[in-house]
Amino acid sequence: MAEWWSNPEADDSFLQFRERSVRDGMWLSLVVILIVLVYVLASWHSWHRVLITVLLSSALASTYGVSKLPAAAIVRSRWREHFFLVWSAADLTLIAAIVGADGGSQSVLGAIFFLPLIFASLSYPARSVAICGVMSVLAYAAAALLAGGAQADAVGVFSALLATGAVMGVSQASNRERQRRALAILSRSDPLTGCLNRRGFTERFEAELSDHVRHDGRPLGLIVIDLDDFKAVNDTLGHAAGDALLCRVAVALGEDLRPSDVLARLGGDEFAVLLPEAGPSQMRAAAERLERRLGLVISGSLGLASLPEDGESAEALHHSADADLYRSKQAAVVA
């Protein structure tokens with residue numbers, strides 16, 4: 001499926017943006033209603049002014065109704081894009097009725113058809129912009145037919161302009177989504193080693209815990225890794241050498257992981273590995289392999305925790321793994 005056809009992932013910043021767009025859309029609707037009302041009053045002796053006033057009243061009532069909806073809940077639901085598309089469809093239907101009553105293709109109000117498209121281009125995902133573009137062209141054609149007497153060339157040119165605006169909107173929405181995905185990856189990645197950072201690891205950890213609940217107790221292993229005497233490397237060889245060592249550690253650890261496993265640098269010289277569907281025995285075998293790989297670069301200590309044996313929350317598993325890591329370090333000192 002083409003990239004532009006997919007909906008973006010719903011992270012917090014995206015949801016807050018969509019919530020603000022509901023407010024912006026209401027203000028846009030109110031401004032358009034006011035402009036059209038002034039136009040109607042200034043040309044009151046023309047055709048269908050009472051009908052247009054009634055339609056404007058409907059638009060105002062619709063905008064008020066949207067203002068009373070729980071926007072925060074809507075944008076966080078799976079019906080988010082359906083809501084925005086229905087809203088755009090309702091606006092375009094009212095615009096088509098108003099423009100049709102004012103003369104169809106002869107009405108100066110035809111330019112209003114571009115406003116829902118502009119709003120969609122600035123706030124909708126690319127797929128929704130494309131749908132909104134199709135609805136805009138159809139709504140304009142309906143308004144022209146409703147009024148009658150439309151010239152084919154005028155309708156064709158205006159429809160082509162609307163379609164061109166829709167194509168540009170889809171392009172801009174696609175660019176925005178690619179940029180947002182790239183920023184999301186950067187915000188969850190460790191810039192030095194390229195593996196996940198603490199934020200990315202925490203989000204993945206929570207997702208795996210949710211899978212544990214959904215899949216009837218699917219096991220999950222956690223391994224925390226702490227490098228031995230890493231501070232001495234920075235003190236004697238410099239931070240550049242320490243950074244290079246951390247990169248080699250990340251590469252060494254990543255070579256022995258499954259595609260489903262998750263490697264992260266939590267900070268400093270602390271790494272962590274998530275092992276989905278790995279029970280205690282599989283996790284211990286994986287830890288032995290990781291320890292061998294790590295030993296080719298630098299010595300380190302490992303701490304293990306297993307879901308559900310050592311806890312069923314991220315905090316409990318981290319606590320158990322850290323305690324096991326401490327015991328491992330103490331055993332190494334005694335030895």
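A: The whole structure was searched for disulfides, and the search finds zero. A disulfide here is a pair of cysteine sulfur atoms within 2.5 Å. In general, a disulfide is a covalent bond between the sulfur atoms of two cysteines. Take Cys195. Its closest cysteine sulfur is in Cys247, 8.9 Å away, and that is too far for a bond. Cys195 is buried, at 10% relative accessible area. Buried means under 20% relative accessible area, exposed over 50%, and partly exposed in between, with a 1.4 Å probe and protein chains only. Cys132 is buried too, at 0%.

This is a predicted model: local features need pLDDT of at least 70, side-chain atom pairs count only at pLDDT 80 or more, and totals for chains, interfaces and linings use all residues. Residues are numbered from 1 along each chain as its sequence is written, and side-chain values use heavy atoms, with hydrogens and water left out.

Helices (H or I, at least four residues) are DSSP runs, numbered from the N terminus, as are strands (E, at least two). Helix α4 covers residues 80–101 and helix α6 residues 126–147; their axes come within 8 Å and cross at roughly 20°. That makes the two roughly parallel. Angles under 35 degrees count as roughly parallel, over 145 as roughly antiparallel, 65 to 115 as roughly perpendicular, and the rest as oblique. Axes are lines fitted to C-alpha atoms, for helices over the stretch in contact, and angles run from 0 to 180 degrees between N-to-C directions. The crossing of α4 and α6 is right-handed. Right-handed means that the near helix is turned clockwise from the far one by less than a right angle, left-handed anticlockwise.

Contact means heavy atoms within 4.5 Å. By class, this contact has 13 nonpolar, four polar and one charged residue. Ala, Val, Leu, Ile, Met, Phe, Trp, Tyr, Cys and Pro count as nonpolar, Asp, Glu, Lys and Arg as charged, and the others, Gly among them, as polar.

Helix α4 also packs on α1, at about 10° and with the axes 12 Å apart. So α1 is roughly parallel to α4. Phe14, Leu15 and Met26 are among the α1 residues that meet α4, where Phe83, Phe84 and Trp87 are among the partners. The classes here are nine nonpolar, three polar and four charged.

Helix α1 (residues 12–42) has another partner, α5 (residues 114–123): the axes come within 11 Å and cross at roughly 165°. The pair is therefore roughly antiparallel. Its crossing is right-handed. In α1, Phe17, Leu28 and Val32 are among the contact residues; in α5 they are Leu115, Phe119, Leu122 and Ser123. Six nonpolar, three polar and two charged residues make up this contact.

Between α4 and α5 runs a loop that holds Gly110. Gly110 is buried, at 4%. Residues up to four places away in sequence aside, Gly110 touches Val99 and Phe158.

Last, Ser159 sits in helix α7 (residues 152–187). At 13%, Ser159 is buried. Beyond its neighbours within four places in sequence, Ser159 contacts Val137 and Tyr140.
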